[in-house]
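Please read this briefing alongside the sequence and the coordinates.

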Amino acid sequence: MYVSADLLINALAAGLLLGGFYAAVTVGVSISFGILDIVNIAHPGFIILGSYIAYIVNTRLGIDPIIAAVVLAPAFYALGALVYQVYYASFERYGQESLRGLAFFFGLLFVTEVTLILVFGVDYRYVDAPYIGPSIQIGLIDLPLRMLVPCLVALALIGALQLFLSRSFLGRAIMAVAQDQLALQLMAASPTRIKRIAFALSIATTAIAGALLIVIQPVEPSIGREYIGRVFAICVLGGLGSLPGTLIGAFLLGIVESVTSTFYGPSWAPAVAFGFLLITLAVRPAGLFGR
Amino acid sequence: MRTFTFALICVAVAAATFVAARLVGNDYVFFAGYVVLQYIVLATAWNILGGYTGYVNFGSAAFFALGAYATVFLHKAFPVVTTYFVDEPYALPIPVLIVIGAVISGIVGLGMGYLTLRLRGAFFAIATLALAVVLQTFITNWSYVGGSRGAYVIRPNDIEPIGPYIQYLFLLMLALAVLALVVARSIERSRLGLGFAAIRDDELAAEASGVPTLKLKLIATTISGALMGMAGAPFPYYIGYLQPTSAFALDYAVNSIAMPMIGGTTSWIGPLIGAILLGSLQQVATVTISSSVNLLIVGLLIVDCVIIAPTGILGLLQGRRTARDVVADPAVFSLLFAVNVIPIYFLHQEAFAARPLEIIFWAVLIFLAFARGRLIGLRWLVGLPIAGAALSMVPDPPRLIMALVLAICLVAGLVRRPRDPVARSTP
C-alpha cells in the first residue's frame, strides 16, 4: 500500500488529538482502578450520562457544553460519593469486591445505559458550540477545533489532577491509600473517607469527559460499551495509578487507532485497541510506567 | 447420589419436559423454551469458571458466538444439496456441529486461559471483555461468514421422526442442558471441584499447599468455553439469520453472569434456578414489552441481588445474612430505593399487560422499607410502598400520589439514624 507522508502526518496529528481526549476519559479510571483498586466498569456509563446532561443543558439553555460540565461536576461528585458508600458498605467491608463488586458495577452500567435509551431513544444526539465545525491549518496539518478544544481541556484537567494529587495534602493522602491503608489508619486518618473523596473525584471527571465526548462525536447510549475496553487498555498500558503514564498510554492508543482507521478502515480500530490491551496484559501487566 | 443416578434423573426430567411441551401443542413453547434452555447451558458453563474458581468472565458472548460462527462457516463450506425431488439432508448434522463448536470454543478457552490466567481477579475480567471485542471485530471483517451484513442459515421445516425442526433443536438443547448440569455437578463433587474451591477461597494458599492452580484454571476455562460453544452451535439454525451484533450481543454476557449470581454460585442448582427464573421472566417481558426494558430488569436484578442477597436465592433460602445489615447504611438504602423506582416508572408507560412484572420491584421496595423501618424504629414505613403497590395495580393509577408516597418513604427512611449501635458499627 502506498503511504503518503501527507496522510500519515495528518493521521498522527489526529491521533494525538484523539489521545488527549482518551486521556480525559481514562483519568477517572486511573484514579478509581489504578489508585483505589475499585474496578469501576460502570465508568463509561457515567461518561455517557455526562454527555446527555451536557446535551440537555446545551439544547435547553444554550450554554457551552464544556462550561456546563464544569458547573455540573459537583453533582457528579456527590453521585460518586453515594456510589462509593454503597460499594463500601455492601462489598468492600466484607472483602467481596472481586466478584460481587464487579457484578454490581456491571449491573449499574446496564441500568444507566438502558435508562438513557428509554428516556432519549437510540437516536444520536449532538451539541452546538462555536468550535464545532471550523478547523485551523498549520502547514500540511489540518487541526479541527472540534478535536483540538477537547484535547486542550483534557490536558488541563489532567494537569490539574496531577498537581492536586502530588502537591495538596488531600492528594497525597489519596496516594497514600494506594500504598498502605493500615499505615494510614495508624496515622488516625480514615481510609474509607479518603477513598470516598477520591472515587467521587473520579466520577466528577466523567462529567467533563462526557461533555468532551459529545463535542467530538454524536452520542447514543450504547456507545459507552466501546469505551470500557479503551479506558482499561489505556489505564493498564500506562501503568496503574500513574497519571502521566495514562496520558502517554492515551496518546499511544489514539495514534495507533487513528493510523489504523486511516489506512485499514475504521472497522478494524476496536480490535487494535483491545488487542493492545490483551498484549499488555499478557506481556507486562504492570504497564509501561507501572508502580 | 451417584453421578449416574443423577444423570438418569436429569434425562427423565428432560424427557418429561419435552413430552409436556409437546402436549401444549404450540410451537411457541419450543421457541421460548429453547432460549431458556440455552441460558441454562450458558449460566452453568459460566458458573464452572466464575462460581467455582471465582474468575469473572465477561466474554461469554465470544464463546457462544464462536460456536455459532463455526456452524455458519461449516454451513457455507458444505452447502446443502437441493435436487428437484428431495432436500438432501445437511452435509453435517447439528450434533456434529455442536461437537465442533465445543472443540473450537474449548481451544479458544484454553488459549485465553494461557494468555490471561496469570492475571488475578479484575484483570482477568477485563481481558475476557477485550477478547470478546477482538473476536467480534475479526468476525465483522471476515466476509466469508457474512461480515457485518450477517449470514443466512435456512432451517428446514421438518425432520424425521420428530416433526417440526424447532422441536428437534429444542431436544438438542435439552440434551446439552442435561450434559452441562451433569458435568457441573460431577466437577463439584470431585477432587477437581475441591481444587477449584481452594482457588476461589485463597489462590495463594492453594498454590502453597500444592494445588496446581494454573492447570486447574486452564481446565476450568476449557470446559466452560466448550460448553458455551456447544450452546452457540445450533443458534444459527434457531435464528435463521446471524449477524455479529446478535451473536456477540451483550445480553449473553449479562445473562450468563446474572443468572448464576441470582441463583447462587456455589452449586450447580444455582445457575439452573437463576436461568429458569430469569429466562422465563425475560420471555414474558419480551412478549409483553420491549427488549430494552428487558435488559433494564436484568441489570437491576443484578444490582439488587449482589447487595440484598449476596449468596443468591440459594443463600437466601439458607438465611446467611440478615436483612438489617443491608439497609443499615443510608447510602445503600437510598440508592437501592431510587434505582428500583426506575423500572416501575417505565413499566407504567407500557401496556397494562406489563404491570405484573412490576411486582418484583415493588417487593424489593417493600422489603427495603420494612427492613429500614424496623432498624430506625419507624415501623409504619412499610405501609407506604405497600400502598404504592396497591395503587399501581388499578388501571389508571394516580401517578402523582404514588411518586409522593415513595418520596416520603425515602426521605422518612433517611431522617433518623439506626438506634441500634451494633448495626451501625463497621467491622
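This is a predicted model: local features need pLDDT of at least 70, side-chain atom pairs count only at pLDDT 80 or more; totals for chains, interfaces and linings use all residues.

Residues are numbered from 1 along each chain as its sequence is written, and chains are lettered from A and ligands numbered from 1 in the order in which they are written.

**Nonpolar core and domains**

- The largest nonpolar core has 242 residues, and those with the most contacts inside it are A:Ala24, A:Leu212 and B:Val41; such a core is a set of buried Ala, Val, Leu, Ile, Met, Phe, Trp, Tyr and Cys residues joined through C-beta atoms within 7 Å.
- Helix H6 (residues 165-188) of chain B gives the largest share of this core, 15 residues; helices (H or I, at least four residues) and strands (E, at least two) are DSSP runs, numbered from the N terminus.
- Because domain 1 (3-267) and domain 2 (322-424) of chain B both give residues to this core, the core lies between them; the domain bounds come from an automatic or database domain assignment.
- The centres of domain 1 and domain 2 of chain B, taken over C-alpha atoms, are separated by 38 Å.
- Apart from neighbours within four places in sequence, A:Leu212 is in contact with A:Phe21, A:Ala24, A:Ile66, A:Pro150, A:Val153 and A:Ala154, where contact requires the C-beta atoms of two residues, placed from the backbone, to lie within 7 Å.

**Contact between the chains**

- The contact takes 45 residues from chain B and 38 residues from chain A.
- On the side of chain B that touches chain A, two or more residues are given by each of helix H4 (94-116), helix H5 (121-140), helix H12 (250-263), helix H14 (291-308) and helix H17 (330-349) of chain B, and the largest share, 14 residues, comes from H5(B).
- By class, this side of chain B divides into 35 nonpolar, 9 polar and 1 charged residues; Ala, Val, Leu, Ile, Met, Phe, Trp, Tyr, Cys and Pro count as nonpolar, Asp, Glu, Lys and Arg as charged, and the others, Gly among them, as polar.

**Crossing helices**

- Two packed helices are described by the angle between their axes and the distance between the axes; here the axes are lines fitted to C-alpha atoms, for helices over the stretch in contact, and angles run from 0 to 180 degrees between N-to-C directions.
- In chain B, the axes of helix H7 (residues 191-201) and helix H9 (residues 213-232) come within 10 Å and cross at roughly 110 degrees.
- H7(B) and H9(B) are therefore roughly perpendicular to each other, on a scale in which angles under 35 degrees count as roughly parallel, over 145 as roughly antiparallel, 65 to 115 as roughly perpendicular and the rest as oblique.
- From H7(B), B:Leu192, B:Gly195, B:Phe196 and B:Ile199 meet B:Thr213, B:Leu216, B:Lys217, B:Ile219 and B:Ala220 in H9(B), and the residues of this contact divide into 6 nonpolar, 2 polar and 1 charged.
- In chain A, the axes of helix H5 (residues 145-167) and helix H6 (residues 169-179) come within 5 Å and cross at roughly 80 degrees, which makes H5(A) roughly perpendicular to H6(A).
- A:Phe164, A:Leu165, A:Ser166 and A:Arg167 of H5(A) make this contact with A:Gly171, A:Ile174 and A:Met175 of H6(A), and its classes are 4 nonpolar, 2 polar and 1 charged residues.

**Individual residues**

- B:Leu97, found in helix H4 of chain B, counts as buried with 26 C-beta neighbours inside 10 Å; a residue is buried if 20 or more other C-beta atoms lie within 10 Å of its own, exposed if 12 or fewer, and partly exposed in between, with C-beta atoms placed from the backbone.
- Leaving aside neighbours within four places in sequence, B:Leu97 is in contact with B:Thr71, B:Leu74, B:Leu92 and B:Ala233.
- A:Val272 lies in helix H11 (residues 269-283) of chain A and is partly exposed, with 19 other C-beta atoms within 10 Å.
- Not counting residues up to four places away in sequence, A:Val272 touches A:Val256, A:Glu257 and A:Thr260; the C-alpha atoms of A:Val272 and A:Val256, 16 residues apart along the chain, are separated by 7.5 Å.

- A:Asp37, in the loop between helix H1 (5-35) and helix H2 (43-61) of chain A, has a positive phi near 60 degrees although the residue is other than glycine, and with 16 C-beta neighbours inside 10 Å A:Asp37 counts as partly exposed.
- A:Ala188, in the loop between helix H7 (181-186) and helix H8 (191-216) of chain A, has a positive phi near 65 degrees, again in a residue other than glycine, and with 6 C-beta neighbours inside 10 Å A:Ala188 counts as exposed.
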